[in-house]
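Biologist: Thanks for sitting down with me over this one. Could you take me through the model, one question at a time?

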Amino acid sequence: MSAPVAGRVSKVTVTPVAFRDPPLLNVVGVHQPYVLRAIVQVHTDEGLVGLGETYADQAHLARLGAVAAALPGADVFDLHGLRRVVTEALGASTGGAGASFGGMLEVSSAVDTVASPFEVALLDLQGKALGRPVSDLLGGAVRERVPYSAYLFYKWAGHPGHDEDTWGEGRTPEQMVAQARRMVEEYGFTAIKLKGGVYEPPHEIETVEALAAAFPDHRLRIDPNGAWTVETSIEVAGRLSGVLEYLEDPTPGIEGMAAVAQHTDLPLATNMCVIAFEHLKPAVAADAVQVVLSDHHLWGGLRRSALLGGICETFGMGLSMHSNSHLGVSLAAMTHLAAATPNLTYACDTHYPWKTEDVVKPGVLEFRDGGVAVPAAPGLGVELDEDALAALHEQYVACGQRGREDTAYMRSIVPGFTPNTARW
Ligand code: GKR
Ligand code: MG
């Protein structure tokens, strides 16, 4: 029997796509009518294709393009080599400066965010060459099914000037309970996360309490993305301490989170003040967070996210998983990673139920009992639907959006809006 061969990278394409998104509200504004994502395809001279997915803001696309041009010739098993290629390509193209996504996430180096989709694509190729799922390349799945949480958003009934979407308005506690009920009935979720930072804290507390009353056996979280002061955060933590499994980013910054942590037993979680390896030391020293939300798009790919898992274990911190609006390639990567990370014991976030379009063929990533079964086919285990990719690329060209601009979009509807960061 001949040994499996992945070959060398022969060609890389980066295709920006746009998919429809409801008007979901958050601390910095509201989701635009379309989410932009980039689909990376890495071809090899052995005829294999590996997939990755990432953000698609203009500056990020330029950086992806620089790496795509530099990658041909690379060995698909040389992941350290990939980082070198990315570092050099960014140095040459952009000076390797930081990156910002959606007004909420700022990273000091773009290397991790740019390397991520290529690393996922190379792991997809390795798995395809070896005939093994990506979770096997990450140490093996410790769970067959990855639990996800219902991700609730306050929302408008529809984008202004468009028809209402099927979710309707999400503003009152009753409407949010109805939103949760639909998510739980359709997907079987056993954990529920409320995106807060939209209304004054008493309203959001009332929503959480209504959810707790309606779903007494579900695990609950709220994430106001740093909308509260330290004092308010301490007060809310006191009110919700027996109700939540964790409180996510109540207030901005490591210092602020540490100040809150001193006054509550409720675990504090973050995907805002610890979003790169350099943030771990100060966060641990200050005992600022008890749960870190990993995200392979931000942390440099699947293997570096696994490394983050090891660091969290070392320092006794819990591990969960963050999500931004995404498609099936990302969901597959998230599922393999979560399956192969033993201490990722919280249900992962996903925006998946909010989308109505995808680039992967249906049938593999089904939610059942709140979880997604780890794809068993080689690599990521998902297949690109070329027609859907072309259609969503056409939609990208036509929609006119070229970046995530939640605040600007909100201001086009509510003039004078300013982000709610540390407002209350
Ligand atoms: O999709 O509006 C959103 C979320 O607020 C997202 O951008 C956050 O990054 O979901 C994320 C979070 O947990 O903070
Ligand atoms: Mg968060």
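Biologist: In which loop does R132 lie, and is R132 buried, partly exposed or exposed?

Modeller: Bear in mind that this is a predicted model. R132 is in the loop between α3 and α4 (134–137). Its relative accessibility is 45%.

Biologist: Is Q126 buried or exposed, and which residues is Q126 in contact with beyond its neighbours within four places in sequence?

Modeller: Q126 is found in helix α3. The relative accessible area of Q126 is 6%, and buried means under 20%, so Q126 is buried. Leaving aside neighbours within four places in sequence, its contacts are V76, F77, L79 and L137.

Biologist: Staying with that helix, are α3 and α10 roughly parallel or roughly perpendicular?

Modeller: The axes of α3 (residues 111–130) and α10 (residues 302–314) come within 8 Å. They cross at roughly 110°. Angles of 65 to 115 degrees count as roughly perpendicular, so α3 is, relative to α10, roughly perpendicular.

Biologist: Which residues make that contact, and how many of them are charged?

Modeller: From α3 come D112, E119, V120 and L123, and from α10 come L302, R303 and R304. By class, the contact has three nonpolar residues and no polar ones, and the number of charged residues is four.

Biologist: What about α6 and α7: are they roughly parallel or roughly perpendicular to each other?

Modeller: The axes of α6 (residues 201–214) and α7 (residues 230–240) come within 11 Å and cross at roughly 20°. Angles under 35 degrees count as roughly parallel, and α6 and α7 are therefore roughly parallel.

Biologist: Is the crossing of α6 and α7 left-handed or right-handed, and how many nonpolar residues are in their contact?

Modeller: α6 passes α7 in a right-handed crossing. P201, I205, V208 and E209 of α6 meet T232, V236, R239 and L240 of α7. By class, one residue of this contact is polar and two are charged, while the number of nonpolar residues is five.

Biologist: Where is P216, and is P216 buried or exposed?

Modeller: P216 sits in the loop between α6 and β11 (219–223). P216 and V243 are 27 residues apart in sequence, with 9.2 Å from C-alpha to C-alpha. The relative accessible area of P216 is 61%, and over 50% means exposed, so P216 is exposed.

Biologist: Which residues coordinate the magnesium ion (ligand 2), and what spacing do the donors follow?

Modeller: The ion is coordinated by D223 (OD), E248 (OE) and N271 (OD1), at 1.9 to 2.1 Å. Along the chain, the spacing of these donors is D-x24-E-x22-N.

Biologist: Where do E248 and N271 sit, and are E248 and N271 buried or exposed?

Modeller: E248 is in strand β12 (residues 244–248), and N271 is in the loop between β13 (268–270) and α9 (280–286). The pair is 23 residues apart and links distant parts of the chain. E248 has 0% relative accessibility and so counts as buried. N271 has a relative accessible area of 4%, and N271 too is buried.

Conventions
Residues are numbered from 1 along each chain as its sequence is written. Chains are lettered from A and ligands numbered from 1 in the order in which they are written. This is a predicted model: local features need pLDDT of at least 70, side-chain atom pairs count only at pLDDT 80 or more; totals for chains, interfaces and linings use all residues. Side-chain values use heavy atoms; hydrogens and water are left out. Axes are lines fitted to C-alpha atoms, for helices over the stretch in contact, and angles run from 0 to 180 degrees between N-to-C directions. Helices (H or I, at least four residues) and strands (E, at least two) are DSSP runs, numbered from the N terminus. Angles under 35 degrees count as roughly parallel, over 145 as roughly antiparallel, 65 to 115 as roughly perpendicular and the rest as oblique. Contact means heavy atoms within 4.5 Å. Ala, Val, Leu, Ile, Met, Phe, Trp, Tyr, Cys and Pro count as nonpolar, Asp, Glu, Lys and Arg as charged, and the others, Gly among them, as polar. A crossing is left-handed if the near helix is turned anticlockwise from the far one by less than a right angle, and right-handed if clockwise. Donors are N, O and S atoms within 2.8 Å of the metal (3.2 Å for Na, K and Ca); water is not among the atoms, so sites may look incomplete. Buried means under 20% relative accessible area, exposed over 50%, partly exposed in between (1.4 Å probe, protein chains only).
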